[in-house]
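Walk through this structure with the model open beside the text.

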Amino acid sequence: MDIGPYLCMEEALKFRREICGGEERILAYCEHISNEGGKKVAEILGTEIMENEDKTLTKCCMANVKLPLQIGEGSGQVKPSDAFAACAWMAQTLIREHNVFAPPFFHDGSLWIRFSGQIYVEIEDFVAAAVVYQELCSRVGEGEHIQR
């Protein structure tokens, strides 16, 4: 049994308190970075952030951003029956080719990605992910996700 995590707990909490400014400051940063990063990704992709009328979906440390892919039967569109395959292909390709992960998912007739605000991410991380997703969306639009 590895007891290393237990032995470093005191120092980890000290780091979060003294270097990061405490739990409230960490939480505020994570919420802020996910909201600002999500806005930047939506701007780059030309889409939107998932939100409700009460504006409560973004009062957390995650942002869901719509992907610029159309669901339908037309040319360049993702067939409804292929939406989950497109998500699985993008998730695998993100890891395999880019060594990053922001989970794609299908919701209410659209494809979305979920970003998580963490103490170690910056806006540039969101921008980099948006650029990668632009490429992946083009590849999905060309049908690469269903080529075997």
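Glu-97 is partly exposed, at a relative accessible area of 41%. That label covers the range between buried (under 20% relative accessible area) and exposed (over 50%), with a 1.4 Å probe and protein chains only. The model is predicted, so local features need pLDDT of at least 70, side-chain atom pairs count only at pLDDT 80 or more, and totals for chains, interfaces and linings use all residues. Residues are numbered from 1 along each chain as its sequence is written, and side-chain values use heavy atoms, with hydrogens and water left out.

Which residue forms a salt bridge with Glu-97? The partner is Arg-139, with the closest N and O atoms 2.8 Å apart. The pair links distant parts of the chain: Glu-97 sits in helix α4, Arg-139 in helix α5, and 42 residues separate them. A salt bridge here puts a side-chain nitrogen of Lys or Arg within 4 Å of a carboxyl oxygen of Asp or Glu. Helices are DSSP runs (H or I, at least four residues), as are strands (E, at least two), and they are numbered from the N terminus. Side chains of opposite charge can pair when their charged atoms come close.

Is Arg-139 buried or exposed? Arg-139 counts as buried because its relative accessibility is 13%. Its helix, α5, spans residues 123-141. The side chains of Arg-139 and Glu-97 are also joined by a polar contact of 2.8 Å. Such a contact is a pair of N or O atoms within 3.5 Å; within protein, one must be able to donate a hydrogen and the other to accept it, and residues adjacent in sequence count only if both atoms are side-chain atoms. Leaving out residues up to four places away in sequence, Arg-139 touches Trp-89, Thr-93, Glu-97 and Glu-144. Contact means heavy atoms within 4.5 Å.

Arg-139 has another salt bridge, to Glu-135, at 2.7 Å from N to O. Arg-139 and Glu-135 are about one helical turn apart, because four residues separate them in helix α5. Glu-135 is partly exposed, with a relative accessible area of 33%. Salt bridges with shared partners tie Glu-97, Glu-135, Arg-139 and Glu-144 into one network.

How many salt bridges does the whole structure hold? The search finds seven. One of them joins Lys-40 to Glu-43, with the closest N and O atoms 3.5 Å apart. These two are three residues apart in helix α3 (residues 23-45), so about one helical turn separates them. Lys-40 is partly exposed at 31%. Glu-43 is exposed at 57%.

Now turn to the rings. The structure holds two aromatic pairs. Phe-84 and Phe-106 have ring centres 5.3 Å apart and planes at 70°, so they are edge-to-face. This pair also links distant parts of the chain: Phe-84 is in helix α4 (residues 83-98) and Phe-106 is in strand β2 (residues 104-107), 22 residues apart. Phe-84 is exposed at 57% relative accessibility, and Phe-106 is partly exposed at 27%. Phe-115 and Phe-126 have centres 5.4 Å apart and planes at 45°, so that pair is tilted. Phe-115 belongs to strand β3 (residues 110-116) and Phe-126 to helix α5, eleven residues apart. Both Phe-115 and Phe-126 are buried. Rings of Phe, Tyr and Trp (its six-membered ring) pair if their centres lie within 6.5 Å; planes under 30 degrees apart count as stacked, over 60 as edge-to-face and the rest as tilted.

Helix α5 also carries Ala-129. Ala-129 is buried, with a relative accessible area of 15%. Its C-alpha atom is 9.3 Å from that of His-98, which is 31 residues away along the chain.

Step back to the whole chain. It has five helices and three strands. Along the sequence they follow the pattern α-α-α-β-α-β-β-α. The C-alpha atoms fill a box of roughly 55 × 45 × 25 Å along the principal axes. Of the 148 residues, 35% count as buried. Among contacts with a separation of 6 or more, 62% come from residues 24 or more positions apart.
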